Amino acid sequence: MVLNPLPVLSVRRRWAGVVSVVSVHGELDAAAAEPLTTGITAALARSRSVVVDLSGTTFVDCHAVGALVRSHHEARDRGGRLRVAALPPHVQQVFTVFDLHGVLGGARDVAGECRAAIDAPAPPFEGTSSLDLPDSPHAPLGAPVAAGTAA
């Protein structure tokens, strides 16, 4: 009897200009929700624009969808944005069922979502924080703000 090894999840971060790209490979299920959220949160700490590349995912369930939506809300509450890109067909189906394209994107490839993140105006800041935000929507949160330029 041959046993198959447990699926491996890989979450990696890289830069595409001023946008942080989180690349995910493997199954996105209940066990993957925490590592996915951790990777996205780390990216949000360094950039206000994050694109999650889902091209390497082999499975997505409601736990992963919930983690992506919560991360989207976290980004928005911080004055940033989170979009997904490069959805395989099986992930496209899940996004269609949950009607998530309008919230998280997914219609573009990674380069297209990165360009859209750079070109888009900063989303409105909906959080309640005394954090001074930089003028650029693409500067890392917590970056020094010149005197008199706080939002």
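Asp53 is buried, with a relative accessible area of 9%. That value comes from a predicted model, and the cut-off for calling a residue buried is under 20% relative accessible area. Asp53 belongs to strand 3. Its side chain makes a polar contact of 2.8 Å with the side chain of Ser55. If neighbours within four places in sequence are set aside, the residues in contact with Asp53 are Arg14, Val21, Val22, Ser23, Val24, Ala85, Ala86 and Val110. Another residue to look at from here is Glu113, 60 residues from Asp53 in sequence, with a C-alpha to C-alpha distance of 9.5 Å.

The chain as a whole gives the setting. The protein chain has five helices and four strands, and from the N terminus on they follow the order β-β-α-β-α-β-α-α-α. Of its 151 residues, 41% count as buried. Among the contacts with a separation of 6 or more, 67% are between residues 24 or more positions apart.

Helix 2 covers residues 62–77. At the N-terminal end, helix 2 is capped by Asp61, which has a side-chain oxygen 2.9 Å from the backbone nitrogen of His63. After helix 2 comes Gly79, with a positive phi near 85°.

Which residues of helix 2 are buried? They are Ala64, Val65, Gly66, Ala67, Leu68, Ser71, His72 and Ala75. An α-helix has 3.6 residues a turn, so residues three or four places apart point the same way. The buried residues of helix 2 pack against several elements: strand 2 (19–28), helix 1 (30–46), strand 3 (49–60), strand 4 (81–85), helix 3 (89–97) and helix 4 (101–104). Strand 3, one of these partners, is the strand that holds Asp53.

Helix 1 is another of the partners. The axes of helix 1 and helix 2 come within 8 Å and cross at roughly 20°. Angles under 35 degrees count as roughly parallel, and helix 1 and helix 2 are therefore roughly parallel to each other. The crossing in which helix 1 passes helix 2 is right-handed. On the helix 1 side, the contact is made by Ala30, Ala33, Leu36, Thr37, Ile40, Thr41 and Leu44. Helix 2 contributes His63, Ala64, Ala67, Leu68, Ser71, Glu74 and Ala75.

Is Val91 buried or exposed? Val91 is buried, with a relative accessible area of 0%. Not counting residues up to four places away in sequence, Val91 touches Leu54, Thr57 and Val60. The C-alpha atom of Val91 is 7.3 Å from that of Phe59, although the two residues are 32 residues apart along the chain.

Conventions: Residues numbered from 1 in each chain as written. Predicted model: local features only at pLDDT ≥ 70, side-chain atom pairs only at ≥ 80, totals over all residues. Heavy atoms only, no water. Helix = DSSP H or I, 4+ residues; strand = E, 2+ residues; numbered from the N terminus. Expected span 1.5 Å × (residues − 1). Buried < 20%, exposed > 50% of the residue type's maximum accessible area, 1.4 Å probe, protein only. Contact = heavy atoms within 4.5 Å. Polar contact = N/O pair within 3.5 Å; in protein donor to acceptor, adjacent residues only side chain to side chain. Axes fitted to C-alpha atoms, helices over the stretch in contact; angles between N-to-C directions. Parallel < 35°, antiparallel > 145°, perpendicular 65-115°, else oblique. Left-handed = near helix turned anticlockwise from the far one by under 90°.
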